[in-house]
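Hi everyone, thanks for coming. Let's look at the inside of this one together.

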Amino acid sequence: MTRLASSWFVLFFALLLLASGCANYRIGVANSLIPAGYSIQVGLFQNATPQPGLSESVNGAIRREFHRDGTFKLADADDCDVLLTGKITSYRRSPVSFRPKDTLSVRDFVVELSTHVKATEKPSGKLLVDRLVTSRTTVRLGDDLASAERQALPLLSSDLSKRIVALLAEGGW
């Protein structure tokens, strides 16, 4: 009889332990600030850097990422719940590795793009998100710096857009 009782106790404890592992899991949007199904308008991201073409690339990547993610609906100015705007504050290149026979020539560098992002609830004007988001990518320098940066820009914009959409969909961790 004690053996049967101890077996039930062990089984109950094992089930309790397994169930507690799922206690904090959430299905759907984890961010309580912006409910799922809200419509978001992506405003123009201003480029405050001397690097040309950043604003167009970032705006397009953010729209594609919202569409791919599907947590929020893209909307225009008339029927949106949240207005997303931003300012591209910095664009930096940092050397990572140099050519083996010429230590003054850069072979790989890291490109970093920092953007100040704001999400505002349109009807009330309440500021939901106000944060600096940074993305990075590594670029191998080919024949010239300009073509390497042109090739890195879509990667950089895509990484930034994934971070921004995750911030809005999942909240700040």
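The largest nonpolar core here has 32 residues. By nonpolar core I mean buried Ala, Val, Leu, Ile, Met, Phe, Trp, Tyr and Cys residues joined through side-chain atoms within 4.5 Å, where buried is under 20% relative accessible area with a 1.4 Å probe, protein chains only. Those with the most contacts inside this core are Phe45, Ile62, Phe66, Leu84, Leu113, Ile164 and Leu168. Two or more residues each come from strands S1 (39–47), S3 (82–98), S4 (106–121) and S5 (127–140), and from helices H2 (54–69) and H3 (145–170). H3 gives the largest share, 10 residues.

A word on the source: this is a predicted model, with local features needing pLDDT of at least 70 and side-chain atom pairs pLDDT 80 or more, while totals for chains, interfaces and linings use all residues. Numbering starts from 1 along each chain as its sequence is written, and side-chain values use heavy atoms, without hydrogens and water.

Now, Phe66. Leaving aside residues up to four places away in sequence, Phe66 touches Ile40, Val42, Phe72, Leu74, Leu84, Val165 and Leu168; contact means heavy atoms within 4.5 Å. Phe66 is at 1% relative accessibility, so it counts as buried. Phe72 is buried too, at 4%.

How many aromatic pairs does the structure hold? One, and it joins Phe66 and Phe72 edge-to-face, 6.2 Å centre to centre with 75 degrees between the planes. Rings of Phe, Tyr and Trp (its six-membered ring) pair if their centres lie within 6.5 Å; planes under 30 degrees apart are stacked, over 60 edge-to-face, the rest tilted.

Key:
Buried means under 20% relative accessible area, exposed over 50%, partly exposed in between (1.4 Å probe, protein chains only). Helices (H or I, at least four residues) and strands (E, at least two) are DSSP runs, numbered from the N terminus.
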